[in-house]
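Q: I have a new structure open and would like to go through it piece by piece. Could you help me with that?
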Amino acid sequence: MALRPSWWGLAGTIMIVLLSQPATAMKPTAVASAQRISYAAVQPVQLPPARTLTSAPSGKAMSAMSATARLAHVGAMRQFRGAGLRWRSSGGCTDRTQPTCTSLEGLRYGTLVQAIELKRASDCRIVITGGTEVGHSKGRFSHGNGFKLDIAHNPCIDAYVTRTFGYWTTRGDGARMYRPKATENAAGDTTGNAAGNTAEAAPGDAVAGAAVYADEDNHWDILFR
């Protein structure tokens, strides 16, 4: 009598073989990759130490990509707190659309790095009181465009700015303005000093593209270019 193959028996054999395979062999590669991408996307951005991004002795500034990258408020605050800087808002809020709030939403990476460098170079208490929120003057190098921060006055930072940077001019509203003094290194390059490095030059600056510190009534209005 001829024997006919049993389809149920064959299917059972295949099932047993499949179940006997290691679990790792059955894990789809595409799914694993998607999980890694998703995991990486929610991790906090680890910014390099500020000193690694400041101007090198040759006068080369940080890369344009690093300087112009935009940050979310939460990420910027995490980096500032980690570096010892503090934040304050008269309205106790972070809403960028409210003038009484202090927001860091859209802050330039270059601004963050130079503010941290100011903290390190001065060893002073730094309290940010103004960021990218509405209510500031508009313009290319403005608060809203992520180039400027306000920091509260205190004897330490006041003395550091006025002694380290040279008086430049007086603004239309009466605020005295300071900026890094030009120095010449061994290679003959004109550079600034700590916390005065920037990526973009401006006509008439003693140090091309240097940060500018404006002494307002209750804070320093600082332009980090």
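This is a predicted model: local features need pLDDT of at least 70, side-chain atom pairs count only at pLDDT 80 or more; totals for chains, interfaces and linings use all residues.

Q: How are the rings of Phe141 and Phe147 placed?
A: Their centres are 5.0 Å apart and their planes stand at 85°, which is over the 60 degrees required, so the pair is edge-to-face.

Q: Which residues form a stacked aromatic pair?
A: Phe165 and Tyr213 do, with 4.5 Å from centre to centre and 15° between the planes. Phe165 lies in the loop between helix 6 and strand 6, while Tyr213 belongs to strand 10, so the pair links distant parts of the chain, 48 residues apart.

Q: Are those two buried or exposed?
A: Phe165 is buried, with a relative accessible area of 1%, and Tyr213 also counts as buried, at 0% relative accessibility. Both belong to a cluster in which ring pairs link Tyr160, Phe165, Tyr213 and Phe224.

Q: Changing topic, what is the order of the strands in the open sheet?
A: The open sheet has 7 strands in the order 2-4-5-11-10-7-6, and the pairing is mixed. Its edge strands are strand 2 (86-87) and strand 6 (166-170), each of which pairs on one side only.

Q: Which helix packs on the sheet?
A: Helix 6, residues 155-164, packs there and touches strand 5 (148-152), strand 6, strand 7, strand 10 and strand 11, and its direction makes about 45° with that of strand 11.

Q: How does strand 10 pair with strand 7 and strand 11?
A: Strand 10 (residues 212-215) pairs with strand 7 (residues 176-179) in the antiparallel sense over 3 bridges, and Met177 has Ala214 as its bridge partner. With strand 11 (residues 219-223), strand 10 again pairs in the antiparallel sense, over 4 bridges, and the two form a hairpin with 3 residues between them.

Q: Back to the helices, how do helix 5 and helix 6 cross?
A: The axes of helix 5 (residues 109-122) and helix 6 come within 11 Å and cross at roughly 95°, and the two helices are therefore roughly perpendicular to each other.

Q: Which residues make that contact?
A: Leu118, Ala121 and Ser122 of helix 5 meet Cys156, Ile157 and Tyr160 of helix 6. These residues divide into 5 nonpolar, 1 polar and no charged.

How values were computed. Residues are numbered from 1 along each chain as its sequence is written. Side-chain values use heavy atoms; hydrogens and water are left out. Two strands pair if DSSP finds at least two bridges between them. Contact means heavy atoms within 4.5 Å. Axes are lines fitted to C-alpha atoms, for helices over the stretch in contact, and angles run from 0 to 180 degrees between N-to-C directions. Angles under 35 degrees count as roughly parallel, over 145 as roughly antiparallel, 65 to 115 as roughly perpendicular and the rest as oblique. Ala, Val, Leu, Ile, Met, Phe, Trp, Tyr, Cys and Pro count as nonpolar, Asp, Glu, Lys and Arg as charged, and the others, Gly among them, as polar. Rings of Phe, Tyr and Trp (its six-membered ring) pair if their centres lie within 6.5 Å; planes under 30 degrees apart count as stacked, over 60 as edge-to-face and the rest as tilted. Buried means under 20% relative accessible area, exposed over 50%, partly exposed in between (1.4 Å probe, protein chains only).
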